[in-house]
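Biologist: I am new to this structure. Could you walk me through how to read it?

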Amino acid sequence: MDAVKVGLLGLGTVGGGAVTVLKRNAEEITRRAGRGIQVTHAAARDLDKPRNCDTTGITLTTDPNEVVNDPDVQIVVELIGGDTLACDMVKKAIANGKHVVTANKALIAKYGNEIFAAAQERGVMVAFEAAVAGGIPIIKAIREGLAGNQIQWLAGIINGTGNFILTEMRDKGRDFADVLTEAQELGYAEADPTFDVEGIDAAHKLTILASIAFGIPLQFEATYTEGISNITREDVAYAEELGYRIKHLGLARQSDKGIELRVHPTLIPERRLIANVDGVMNAVLVMGDAVGPTLYYGAGAGAEPTASAVVADIIDVVRVLTSDPENRVPHLAFQPQSLSNVPVLDMAEVETAYYLRMLAEDKPGVLADVTRILGDRGISIEAIIQKEPQPGSDKANIIMLTHRILEQNMNQAIVDIETLSAISGKVTRIRVETLNAD
Ligand code: HSE
C-alpha cells in the first residue's frame with residue numbers, strides 16, 4: 001500500500017520535531033500504522049530560516065493554502081499556533097475532506113465545538129493529543145483508558161513555564177522576571193508569555209480536559225483564570241513552613257451543583273506526588289470512581305516530546321482511515337449528541353480552603369478583629385502564624401490557613417478585613433487543595 005501523505009502547516013520547533021521523529025522511527029511507525037507515513041508538503045513563514053530537521057523530499061511553500069488544497073495530502077498537521085490563520089486553515093482542510101492533527105490548544109479550546117461539528121459532518125477526524133501536556137498521552141488516557149469511569153475530578157500542572165518559574169523561585173530564591181526570561185530562551189514559553197504567566201495557556205488546556213472528562217461542550221470563556229504573577233517569594237516560603245508547595249493548577253471537578261473549572265495558584269500538601277513535579281515537567285492527576293487516583297507525568301513542551309504526541313495522532317488517524325466515521329472514538333470522548341449541559345459554576349459558588357496573608361499593626365485586638373470577621377462569615381481557621389515585625393517596622397505578617405468555605409463568603413471577609421485600619425494594603429489569598437483520594 002502507498003504511504004499516507006501528510007502536509008505540515010508550520011515547520012518551527014514542533015514541526016521540525018515531527019519530521020525528525022517520523023524519519024528516525026519510520027520503520028517502527030510503519031509496523032504500527034500498517035502503512036508508511038510520508039511528509040510531502042510543508043508550509044513555513046520563512047523558507048530561509050535554519051531548521052531543526054531534514055526537509056529532503058518535502059515540497060516547501062510559504063502559502064499554507066497550497067498544503068490544504070494539495071489533492072495528494074490526506075492528513076494536514078496544523079502547527080502554526082494562534083487561532084486566526086490556524087482556524088481558517090483547519091476549516092479549509094476539513095472542507096477539503098482532509099483529516100487534521102493539531103497541537104493548538106487555543107484553537108481547540110475556543111473553536112473546537114464548531115471544528116468538531118464540521119469534521120463530523122465531513123466524516124474526517126481532528127486529533128489534538130499534543131494540545132494538552134505536550135508528550136503526555138492524557139487525552140487518550142481519559143478518553144479511552146478511563147472510559148469506564150465516572151471522572152470525579154482532575155488537577156493538573158499543565159503549564160511548564162509557570163511550573164519552572166515557581167520551582168526556581170522556591171529552590172533558588174530567584175526573581176520572577178529573571179526566570180521567565182530563561183524559560184523564553186529555552187523555548188518553553190508561548191509566543192506571548194502572558195499566556196503562560198496569566199494562566200491563559202493552562203485555561204485552554206483545562207477547558208479541553210474537562211470536556212473530555214465530563215462530556216460537556218468546550219467552554220473556555222467559563223473557565224476561571226488566575227496567573228502566578230502575584231506570587232511572592234515570601235508566600236512560597238510561608239507555604240513551605242506550613243507543609244505545602246505552591247503550584248499553578250488547573251482543576252476541574254464535578255459537584256452536585258455543577259462543574260468547577262478553574263486555573264489558579266494552589267497550595268498542595270508537599271507529601272502529594274504532584275506537589276513534587278518540578279521544573280518544566282507537567283503532571284495530571286485524574287480521579288475516577290472505579291480506578292481511584294491516577295497520575296500522568298512527563299514533558300509538557302519541547303520539540304520531540306510534543307512531536308511524540310503529534311506523531312501518535314497521525315498514526316491513530318492512519319489506522320482508522322478506512323473505518324466508518326460513525327464508529328470512531330468521538331472527538332470529545334462522549335458521543336456528540338450526548339454532551340451534557342451541566343453548568344460551569346461561577347467562582348463565587350466554588351468551595352475551597354484558603355491561605356491568607358496580611359500585613360497588620362502589631363498591637364492588641366488586631367488578630368481578634370480579623371478572626372471575628374472570619375467567624376461571622378462561617379470561616380474556620382485551621383492554622384495561624386504571626387511573624388515578628390522586620391527591624392524598624394511595627395507591622396507583622398499574619399498567615400492563616402482556613403477550612404473549606406464558599407468563595408463568596410471569603411470574598412466578603414477579605415473586603416471587611418481590608419477595611420480594618422490596622423491592616424495595610426491587600427490581603428493575599430491563595431486557594432488550598434488537599435487533592436485527597438476521597
Ligand atoms: N507554553 C507552554 C508551556 C508550552 O509552558 O507549557 C506547551 O503548551
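Modeller: Start with one pair. The side chains of Arg24 and Glu304 form a salt bridge, 2.8 Å from N to O. That term means a side-chain nitrogen of Lys or Arg within 4 Å of a carboxyl oxygen of Asp or Glu.

Biologist: How many salt bridges does the structure hold?

Modeller: It holds 37. A word on the basis: this is a predicted model, where local features need pLDDT of at least 70, side-chain atom pairs count only at pLDDT 80 or more, and totals for chains, interfaces and linings use all residues. Residues are numbered from 1 along each chain as its sequence is written, and side-chain values use heavy atoms, leaving out hydrogens and water.

Biologist: Which domains does the assignment give?

Modeller: Domain bounds come from an automatic or database domain assignment. Here it gives domain 1 (4-135 + 303-338), domain 2 (138-298) and domain 3 (350-432). The centres of domain 1 and domain 2, taken over C-alpha atoms, are 26 Å apart. Their contact (heavy atoms within 4.5 Å) takes 21 residues from domain 1 and 22 residues from domain 2.

Biologist: How much area do domain 1 and domain 2 bury between them?

Modeller: Buried area is the accessible area (1.4 Å probe) that two parts lose on being put together, summed over both. For domain 1 and domain 2 that is about 1800 Å², 67% of it on carbon and sulfur atoms. Lys105, Ala109 and Val132 supply 29% of the area that domain 1 buries against domain 2, more than any other three residues.

Biologist: How many salt bridges cross that interface of domain 1 and domain 2?

Modeller: The rule finds three. Elsewhere on the list of pairs, Asp316 and Lys140 meet through their side chains in a salt bridge of 2.7 Å, N to O.

Biologist: Which residues surround the ligand?

Modeller: A residue counts as near if one of its heavy atoms lies within 4 Å of the molecule. Those around the ligand include Lys105, Asn159, Tyr188 and Glu190. A side-chain N or O atom of Glu190 is 2.6 Å from a ligand nitrogen. Tyr188 places a backbone N or O atom 2.8 Å from a nitrogen atom of the ligand.

Terms used. Polar contact = N/O pair within 3.5 Å; in protein donor to acceptor, adjacent residues only side chain to side chain.
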